[in-house]
Amino acid sequence: MARSAAATPAAIFEALATHHPGADTELDYRTPFELLVATVLSAQSTDRGVNAVTPVLFARYPDARALASADASEVEAIIHATGFFRQKAKAIIGLSAALLETHRGEVPADMAALVTLPGVGRKTANVVLGHALGVPGLPVDRHVLRVAGRLGLIHTDDAVKAESALTALYPPEQWTRVSDTLILHGRRICLPTPTCDVCHARTLCPFAITGTRRARPVAARGTPAVRTRATVPARSRAATAKKRPAAVTAVRGRGRARKRR
Ligand code: SF4
(Lines give C-alpha, C1' and ligand atoms only; values in the text may rest on other atoms or scores of the structure.)
Protein backbone atom coordinates (compact mmCIF):
# COMPACT_ATOMS: atom_id res chain seq x y z
CA MET A 1 0.00 0.00 0.00
CA ALA A 2 1.40 3.36 -1.01
CA ARG A 3 1.92 5.86 1.75
CA SER A 4 0.89 9.47 1.92
CA ALA A 5 2.46 12.20 4.01
CA ALA A 6 -0.34 14.64 3.20
CA ALA A 7 -3.49 12.95 4.46
CA THR A 8 -5.11 16.19 5.54
CA PRO A 9 -8.89 16.66 5.80
CA ALA A 10 -8.68 18.76 2.62
CA ALA A 11 -6.76 16.06 0.75
CA ILE A 12 -9.26 13.41 1.87
CA PHE A 13 -12.20 15.51 0.69
CA GLU A 14 -10.54 16.19 -2.66
CA ALA A 15 -9.89 12.49 -3.15
CA LEU A 16 -13.49 11.56 -2.36
CA ALA A 17 -14.83 14.40 -4.50
CA THR A 18 -13.17 12.91 -7.59
CA HIS A 19 -15.62 10.01 -7.21
CA HIS A 20 -18.62 12.25 -6.64
CA PRO A 21 -18.22 15.58 -8.47
CA GLY A 22 -21.12 17.90 -7.78
CA ALA A 23 -22.36 15.77 -4.89
CA ASP A 24 -25.81 16.88 -3.81
CA THR A 25 -28.88 15.54 -2.06
CA GLU A 26 -30.66 12.86 -4.06
CA LEU A 27 -34.06 13.99 -2.83
CA ASP A 28 -36.19 15.83 -5.38
CA TYR A 29 -37.57 19.20 -4.27
CA ARG A 30 -38.55 22.64 -5.56
CA THR A 31 -38.89 24.63 -2.34
CA PRO A 32 -37.49 24.53 1.24
CA PHE A 33 -40.88 23.21 2.38
CA GLU A 34 -40.75 20.31 -0.07
CA LEU A 35 -37.20 19.43 0.99
CA LEU A 36 -38.18 19.57 4.66
CA VAL A 37 -41.10 17.20 4.11
CA ALA A 38 -39.08 14.92 1.82
CA THR A 39 -36.27 14.68 4.37
CA VAL A 40 -38.70 13.72 7.14
CA LEU A 41 -40.12 11.04 4.82
CA SER A 42 -36.62 9.73 4.05
CA ALA A 43 -36.15 8.31 7.55
CA GLN A 44 -35.88 4.52 7.27
CA SER A 45 -36.52 4.82 3.53
CA THR A 46 -34.55 5.36 0.35
CA ASP A 47 -34.39 8.68 -1.47
CA ARG A 48 -35.72 6.90 -4.55
CA GLY A 49 -38.70 5.67 -2.57
CA VAL A 50 -39.40 9.17 -1.28
CA ASN A 51 -39.05 10.67 -4.77
CA ALA A 52 -41.67 8.22 -5.98
CA VAL A 53 -44.35 9.55 -3.62
CA THR A 54 -43.60 13.26 -3.25
CA PRO A 55 -44.90 14.35 -6.71
CA VAL A 56 -48.34 13.05 -5.73
CA LEU A 57 -48.07 14.46 -2.21
CA PHE A 58 -47.04 17.95 -3.32
CA ALA A 59 -49.54 18.06 -6.16
CA ARG A 60 -52.27 17.49 -3.57
CA TYR A 61 -50.66 19.59 -0.77
CA PRO A 62 -48.30 22.16 -2.30
CA ASP A 63 -47.49 24.13 0.85
CA ALA A 64 -47.69 24.21 4.63
CA ARG A 65 -51.20 25.70 4.66
CA ALA A 66 -52.58 22.88 2.52
CA LEU A 67 -50.79 20.08 4.37
CA ALA A 68 -51.64 21.47 7.82
CA SER A 69 -55.35 20.87 7.20
CA ALA A 70 -54.92 17.54 5.41
CA ASP A 71 -56.81 14.41 6.33
CA ALA A 72 -54.28 12.10 7.98
CA SER A 73 -55.62 8.93 6.38
CA GLU A 74 -55.30 10.45 2.92
CA VAL A 75 -51.70 11.49 3.59
CA GLU A 76 -50.94 8.05 5.00
CA ALA A 77 -52.21 6.43 1.83
CA ILE A 78 -49.97 8.62 -0.35
CA ILE A 79 -46.78 8.08 1.67
CA HIS A 80 -47.49 4.46 2.64
CA ALA A 81 -44.59 3.03 0.62
CA THR A 82 -41.97 5.02 2.56
CA GLY A 83 -42.68 3.04 5.75
CA PHE A 84 -43.67 4.25 9.21
CA PHE A 85 -46.41 6.07 7.34
CA ARG A 86 -48.60 6.85 10.36
CA GLN A 87 -45.80 8.53 12.32
CA LYS A 88 -44.55 10.33 9.21
CA ALA A 89 -48.02 11.58 8.28
CA LYS A 90 -48.48 12.88 11.81
CA ALA A 91 -45.07 14.59 11.66
CA ILE A 92 -45.48 16.33 8.31
CA ILE A 93 -49.02 17.49 9.11
CA GLY A 94 -47.80 18.67 12.52
CA LEU A 95 -44.76 20.49 11.21
CA SER A 96 -46.93 22.17 8.58
CA ALA A 97 -49.31 23.39 11.29
CA ALA A 98 -46.36 24.64 13.34
CA LEU A 99 -44.90 26.46 10.33
CA LEU A 100 -48.27 28.08 9.70
CA GLU A 101 -48.71 29.08 13.32
CA THR A 102 -45.25 30.42 14.09
CA HIS A 103 -43.55 31.18 10.76
CA ARG A 104 -46.41 32.25 8.44
CA GLY A 105 -46.01 28.97 6.58
CA GLU A 106 -42.36 29.59 5.69
CA VAL A 107 -39.44 27.35 6.64
CA PRO A 108 -37.18 29.30 9.02
CA ALA A 109 -33.48 29.52 8.14
CA ASP A 110 -32.58 28.81 11.73
CA MET A 111 -31.45 25.59 13.40
CA ALA A 112 -33.01 26.38 16.78
CA ALA A 113 -36.40 27.03 15.21
CA LEU A 114 -36.26 24.04 12.87
CA VAL A 115 -35.57 21.46 15.58
CA THR A 116 -38.72 22.50 17.46
CA LEU A 117 -40.84 21.22 14.55
CA PRO A 118 -42.40 17.74 14.82
CA GLY A 119 -40.17 15.04 13.32
CA VAL A 120 -37.25 17.42 12.71
CA GLY A 121 -33.85 16.77 14.28
CA ARG A 122 -30.43 18.22 13.59
CA LYS A 123 -29.81 16.02 10.56
CA THR A 124 -33.03 17.04 8.83
CA ALA A 125 -32.51 20.68 9.79
CA ASN A 126 -28.97 20.65 8.39
CA VAL A 127 -30.17 19.10 5.12
CA VAL A 128 -32.69 21.90 4.62
CA LEU A 129 -30.38 24.68 5.81
CA GLY A 130 -27.49 23.58 3.62
CA HIS A 131 -29.36 22.71 0.44
CA ALA A 132 -32.40 24.99 0.31
CA LEU A 133 -31.75 27.97 2.57
CA GLY A 134 -28.12 28.90 1.93
CA VAL A 135 -27.06 28.39 5.55
CA PRO A 136 -24.00 26.17 6.15
CA GLY A 137 -25.05 22.83 7.55
CA LEU A 138 -23.37 19.44 7.82
CA PRO A 139 -25.92 16.63 8.08
CA VAL A 140 -24.60 13.49 9.77
CA ASP A 141 -26.20 10.14 9.00
CA ARG A 142 -25.00 6.54 9.29
CA HIS A 143 -22.97 6.84 6.08
CA VAL A 144 -21.15 9.92 7.33
CA LEU A 145 -20.40 8.20 10.64
CA ARG A 146 -19.07 5.07 8.94
CA VAL A 147 -16.98 6.73 6.21
CA ALA A 148 -15.58 9.58 8.30
CA GLY A 149 -14.75 7.10 11.06
CA ARG A 150 -12.86 4.80 8.71
CA LEU A 151 -10.98 7.78 7.28
CA GLY A 152 -9.89 8.91 10.74
CA LEU A 153 -11.76 12.21 10.47
CA ILE A 154 -13.91 11.45 13.50
CA HIS A 155 -13.58 9.19 16.52
CA THR A 156 -17.14 8.90 17.71
CA ASP A 157 -20.41 7.21 16.80
CA ASP A 158 -22.41 10.10 18.24
CA ALA A 159 -23.94 12.19 15.46
CA VAL A 160 -23.83 15.50 17.32
CA LYS A 161 -20.19 15.02 18.32
CA ALA A 162 -19.36 13.96 14.77
CA GLU A 163 -21.01 17.07 13.36
CA SER A 164 -18.99 19.21 15.74
CA ALA A 165 -15.74 17.43 14.82
CA LEU A 166 -16.30 17.64 11.06
CA THR A 167 -17.35 21.29 11.12
CA ALA A 168 -14.06 22.02 12.91
CA LEU A 169 -12.12 20.37 10.08
CA TYR A 170 -13.73 22.08 7.10
CA PRO A 171 -14.71 25.67 6.30
CA PRO A 172 -18.46 26.42 6.52
CA GLU A 173 -18.83 26.86 2.76
CA GLN A 174 -17.80 23.19 2.33
CA TRP A 175 -19.91 21.65 5.10
CA THR A 176 -22.90 20.60 3.02
CA ARG A 177 -20.80 19.25 0.17
CA VAL A 178 -18.55 17.36 2.58
CA SER A 179 -21.64 15.68 3.99
CA ASP A 180 -23.11 14.94 0.55
CA THR A 181 -19.77 13.51 -0.60
CA LEU A 182 -19.38 11.28 2.46
CA ILE A 183 -22.98 10.08 2.06
CA LEU A 184 -22.53 9.20 -1.62
CA HIS A 185 -19.21 7.51 -0.85
CA GLY A 186 -20.92 5.44 1.83
CA ARG A 187 -23.72 4.45 -0.54
CA ARG A 188 -21.54 3.60 -3.54
CA ILE A 189 -18.00 2.66 -2.47
CA CYS A 190 -17.38 2.69 1.29
CA LEU A 191 -20.20 0.24 1.87
CA PRO A 192 -20.43 -1.76 5.11
CA THR A 193 -18.04 -4.09 3.25
CA PRO A 194 -15.94 -1.42 1.53
CA THR A 195 -14.54 -1.60 -2.00
CA CYS A 196 -11.17 -0.14 -1.04
CA ASP A 197 -9.44 -1.31 -4.22
CA VAL A 198 -11.33 1.25 -6.29
CA CYS A 199 -11.37 4.05 -3.71
CA HIS A 200 -9.37 7.17 -4.58
CA ALA A 201 -8.79 7.84 -0.87
CA ARG A 202 -7.27 4.45 -0.10
CA THR A 203 -3.72 5.80 0.34
CA LEU A 204 -5.08 8.31 2.87
CA CYS A 205 -7.34 5.93 4.76
CA PRO A 206 -6.26 4.26 8.01
CA PHE A 207 -8.93 1.59 7.57
CA ALA A 208 -7.40 0.55 4.24
CA ILE A 209 -3.81 0.97 5.39
CA THR A 210 -3.95 -0.62 8.80
CA GLY A 211 -7.27 -2.42 8.85
CA THR A 212 -8.54 -0.30 11.73
CA ARG A 213 -10.61 2.87 12.02
CA ARG A 214 -8.81 3.89 15.20
CA ALA A 215 -6.33 6.25 13.63
CA ARG A 216 -4.61 9.16 15.32
CA PRO A 217 -7.19 11.93 15.80
CA VAL A 218 -7.22 14.80 13.36
CA ALA A 219 -6.47 17.81 15.52
CA ALA A 220 -7.03 20.68 13.15
CA ARG A 221 -7.29 21.72 9.55
CA GLY A 222 -4.09 20.91 7.67
CA THR A 223 -2.93 18.27 10.14
CA PRO A 224 -2.08 14.82 8.71
CA ALA A 225 -5.15 12.68 9.31
CA VAL A 226 -3.88 9.13 9.33
CA ARG A 227 -1.18 6.86 10.59
CA THR A 228 0.89 5.71 7.67
CA ARG A 229 2.29 2.25 7.20
CA ALA A 230 5.65 3.54 8.36
CA THR A 231 4.21 4.57 11.72
CA VAL A 232 2.45 1.25 12.34
CA PRO A 233 4.59 -1.51 13.89
CA ALA A 234 5.05 -4.54 11.67
CA ARG A 235 3.52 -6.80 14.37
CA SER A 236 0.44 -4.61 14.46
CA ARG A 237 0.16 -4.62 10.67
CA ALA A 238 0.33 -8.41 10.59
CA ALA A 239 -2.36 -8.73 13.24
CA THR A 240 -4.74 -6.24 11.71
CA ALA A 241 -4.23 -7.54 8.17
CA LYS A 242 -6.15 -10.67 9.15
CA LYS A 243 -9.14 -8.53 10.10
CA ARG A 244 -9.15 -6.50 6.92
CA PRO A 245 -12.27 -7.14 4.82
CA ALA A 246 -11.84 -8.75 1.44
CA ALA A 247 -11.86 -6.30 -1.43
CA VAL A 248 -14.80 -6.38 -3.74
CA THR A 249 -14.12 -5.37 -7.28
CA ALA A 250 -17.58 -4.45 -8.44
CA VAL A 251 -18.78 -0.97 -7.63
CA ARG A 252 -22.47 -0.61 -7.02
CA GLY A 253 -23.42 2.87 -8.09
CA ARG A 254 -26.41 4.68 -9.28
CA GLY A 255 -27.03 7.89 -11.04
CA ARG A 256 -27.91 10.96 -9.02
CA ALA A 257 -31.52 11.96 -9.32
CA ARG A 258 -32.19 15.37 -10.72
CA LYS A 259 -34.19 17.88 -8.76
CA ARG A 260 -37.67 18.51 -9.98
CA ARG A 261 -38.17 22.01 -11.25
S1 SF4 B 1 -10.19 3.18 1.42
FE2 SF4 B 1 -11.86 1.75 1.90
S3 SF4 B 1 -12.46 2.15 4.04
FE4 SF4 B 1 -11.23 3.91 3.31
S5 SF4 B 1 -12.76 5.41 2.56
FE6 SF4 B 1 -12.11 4.19 0.80
S7 SF4 B 1 -13.62 2.49 0.67
FE8 SF4 B 1 -13.80 3.41 2.72
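Buried residues make up 41% of the 261 residues in the protein chain. The model is a predicted one. The chain holds 13 helices and 0 strands. Read along the sequence, the pattern is α-α-α-α-α-α-α-α-α-α-α-α-α. Of the contacts with a separation of 6 or more, 66% join residues 24 or more positions apart.

### The ligand

The ligand is surrounded by 14 residues. The closest are C190, C196, C199, C205 and A208. Two helices, α9 (142–150) and α12 (206–210), each supply at least two residues of this shell. By class, the shell has 11 nonpolar, 1 polar and 2 charged residues.

### Helix α8

Helix α8 covers residues 122–132. In this helix, 10 of the 11 residues are buried, so α8 is largely enclosed by the rest of the structure. The buried residues are K123, T124, A125, N126, V127, V128, L129, G130, H131 and A132. What covers them includes α2 (32–41), α7 (111–114), α10 (159–169) and α11 (175–188). After α8 comes G134, with a positive phi near 70°.

The loop between α7 and α8 contains V115. V115 has 13 other C-beta atoms within 10 Å; residues with 12 or fewer count as exposed and those with 20 or more as buried. V115 is therefore partly exposed. Leaving aside neighbours within four places in sequence, V115 is in contact with V120, G121, R122 and A125. V115 also lies 9.8 Å from N126, C-alpha to C-alpha, with 11 residues of sequence separation.

Two packed helices are described by the angle between their axes and the distance between the axes.

| Pair | Angle between axes | Axis distance |
|---|---|---|
| α9 and α10 | about 55° | 11 Å |
| α1 and α11 | roughly 60° | within 10 Å |
| α5 and α6 | about 120° | 9 Å |

Take α9 and α10, which pack at an angle of about 55°. That angle makes α9 oblique to α10. Their crossing is left-handed. From α9, V144, L145 and A148 meet A159, A162 and L166 of α10. The residues of this contact are 6 nonpolar, no polar and no charged. Recall that α9 also supplies at least two residues of the shell around the ligand, and that α10 is among the helices covering α8.

Next come α1 (residues 9–19) and α11, whose axes cross at roughly 60°. They are therefore oblique to each other. Here too the crossing is left-handed: α1 passes α11 that way. On α1, the contact is made by F13, L16, A17 and H19. On α11, V178, T181 and H185 take part. This contact has 4 nonpolar, 3 polar and no charged residues.

The crossing of α5 past α6 is right-handed. From α5, the contact takes in A72, V75, E76 and I79. From α6, F85, R86, K88, A89, K90, I92 and I93 join in. The contact residues divide into 7 nonpolar, no polar and 4 charged.

An α-helix has 3.6 residues a turn, so residues three or four places apart point the same way.

Most residues other than glycine have a negative phi. Which residues have a positive phi without being glycine? Q44 is one, with a phi of about 60°. F84 is another, with a phi near 45°.

Q44 lies in the loop between α2 and α3 (47–60). Is Q44 buried or exposed? Q44 counts as exposed, because 11 C-beta neighbours lie inside 10 Å and the limit for exposed is 12 or fewer.

F84 is partly exposed, with 14 other C-beta atoms within 10 Å. Its helix neighbour F85 belongs to the α6 side of the contact with α5.

Conventions
Residues numbered from 1 in each chain as written. Predicted model: local features only at pLDDT ≥ 70, side-chain atom pairs only at ≥ 80, totals over all residues. Near = placed C-beta within 6 Å. Helix = DSSP H or I, 4+ residues; strand = E, 2+ residues; numbered from the N terminus. Nonpolar A, V, L, I, M, F, W, Y, C, P; charged D, E, K, R; others polar. Contact = placed C-beta atoms within 7 Å. Axes fitted to C-alpha atoms, helices over the stretch in contact; angles between N-to-C directions. Parallel < 35°, antiparallel > 145°, perpendicular 65-115°, else oblique. Left-handed = near helix turned anticlockwise from the far one by under 90°.
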